[in-house]
Amino acid sequence: MCSIVVRGGAAAVLALAVALPNAQASTTADTSPTARPRVHISQLPVPPTVPEDGVCTHPTGCVSADWGGLGTPGPARDAKYVFVGITYAGAPSTGPASIYTGRQVMVVRTDGTTFSNGEAWKCITCGVSYGSDIESRTFTYPPANELPDRRRVLVGNGILSCGTGDSRYAVTDDRCTAANTRITPIYWNGKPLNKPLDSNGISNGREWRLSPDGEHLLWNYFNPTALTLSGYVGRITYDKANSRYELTHISVLTNPAPEYQPLVVENGNRLRFNHAGMVGEPRGWTADGGATLGIQSLNADSMDAWATDLATGASRPVTRNAHYTDPMSASPNGKWLLAEEVRGSGRLDFISGMPGVPPLTAHGGTAAFVSGIRNEQNRRYFSPWLVDPKTGDGFQINAGSDPNWNVSADPTWLADSTAVVYKENLACGANPTLHKCADSTEPGGRNSRLMLARFPDFKPTAPVTPAKVSDKTWGVPYDPAKPPAAAKPIPAGTYTVRGKVQGSATVQITNNSAGTMPLSVSVSYRNYSDDGTNIINGTEKVERGANTTLGCTPGTDSEFLCLTWTEDLKLSGKHTGTKRTGPGGFTLGPAVSHRNDFQAVGTLTTTIDGTTYTQPANGH
């Protein structure tokens, strides 16, 4: 058993972490006498791991031992259940157990009881017939999600239902069987959602999330040629004539108008931060569905979570200096956010760790590069943080746990907001000779597990009532004949930004000859402070350019895929520190943003309150 006690918010670990037996052990964080809630962590039961000989004899199937064998958990409308993607392995070729194969979706009981099959789980897609429009590879991710009527479940790129007409059943009902279950595809732009469009595997939409109202879907599309990612929202409408669902009344969640840009120009040479349209990569919804959750920079070289009102586009930060976050889930009662953050891991402190630096250089295109550092191939540096979305204050709920187990997207709350479920994978780098892989101590040596974090101080509460959402949003109507319009960069020139509390920054922007892309952003700080506690002085610059060592060669489009930081910042006030690059600056190449493969030339070092943080070695 692993037992950790943290008192008064201190990080003292009073017991050693060892293996967690399936569905038995608990991790308890006692934060008294602070206001932090207590946390009890255990594992949810899952099917047995396929034996080493690859032959499963269990009547309800075996989970693959591979990394990611257990997929993403998804929300149910009853706190006694949660949905989980799973990859089954070792099933016989014939007989009743032959259906437990490949990627599927199961429902798992969270209350310690079992289904009529004698197990705490029930597969809801196994043995179900469906057409080629359904992509079973999406059963394990994105998360499954039960619709408000409790008779339908979003699974993969379709909606599963049991029975017909008035005789429809919840998937937890014994009367719901593979024989009376069907999965109806969701179409967008004339093609099934997520269906590969070409030989490169580029898909028709990705990363979709169902709104709490059960009527709207949020998703994004990544353009690999332009390296742009756009968010979309649409209404799920049943097309009776074609026996499928269609996404209609679609808006693109970008808007080129100046009032939806993170920086706006005022009075000729003044720049002002503008908290609007801060969607970036869409990641989900607030509890009432009135706002989307997305990620953009709140501090320099750090990606935080933002809630953006679907009607007005007004944005507010819901995490603070997470270093990087994207998997997240709002509690159904709207009081909490479970955000998987890189903060606290030490991975990004060398570039993201200095507080108080505004995100001015983000205009130069830092987001994709910072985002790419968060992973080391299969090793993830996410930890689960319970966050108050009103203040951004939070704490790591599993502090002191085995660092070889990494949290994996996405978490989900139980319907009564008393607990959250998240998945962990055993950390392992791509090259075992460089990255020592820990041996799994889980049953059967499996490399993934399902965690349940209960908050005993939280009383069961009902979900908030979904907001009435108009199909007209702050974005622009989707036109399949036109790509989303890009915002114009800030014109080249020299600007001033005033700190909210004191000081100022001088910003010099240089664009390409066409005026369509910033090539460099240079900033000089003079006693700059937005919070009155962290004061910034010094200079920094980011610049796009060529670097043959990193594969960015002159005269090609790839020259814009290398980014060089030049830093000489000094922090004073509540904290002291420096952020400095070595001679020639610090350059990251396309492998970071494309493959999460850290490849850099030069050095970047940050020191905070006497602790020095350095970059990872190349390939790590």
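Leaving aside neighbours within four places in sequence, W405 is in contact with E424, N425, L426, S440, E442, R446, N447, S448 and R449, where contact means heavy atoms within 4.5 Å. The model is a predicted one, in which local features need pLDDT of at least 70 and side-chain atom pairs count only at pLDDT 80 or more, while totals for chains, interfaces and linings use all residues. Residues are numbered from 1 along each chain as its sequence is written, and side-chain values use heavy atoms, with hydrogens and water left out.

W405 lies in strand β29, residues 405-413; strands (E, at least two residues) and helices (H or I, at least four) are DSSP runs numbered from the N terminus. The relative accessible area of W405 is 6%, so this residue is buried, a term that stands for under 20% relative accessible area, against over 50% for exposed and the range in between for partly exposed (1.4 Å probe, protein chains only). K423 is 18 residues from W405 along the chain, and the two C-alpha atoms are separated by 9.6 Å.

S383 belongs to strand β27, residues 383-387. With a relative accessible area of 13%, S383 is buried. Residues up to four places away in sequence not counted, S383 touches A339, E340, E341, Q396, N398 and V407. S401, 18 residues from S383 in sequence, is 9.9 Å away in space, C-alpha to C-alpha.

Taken as a whole, the protein contains 40 strands and 3 helices. Its radius of gyration is 24 Å, close to the 25 Å that the globule rule gives for 620 residues, so the protein is as compact as a globular protein of that length; the radius is taken over C-alpha atoms, and the rule is 2.2 Å times the number of residues to the power 0.38. The C-alpha atoms fill a box of roughly 70 × 60 × 45 Å along the principal axes. Of the 620 residues, 53% are buried. Among contacts with a separation of 6 or more, 57% come from residues 24 or more positions apart.
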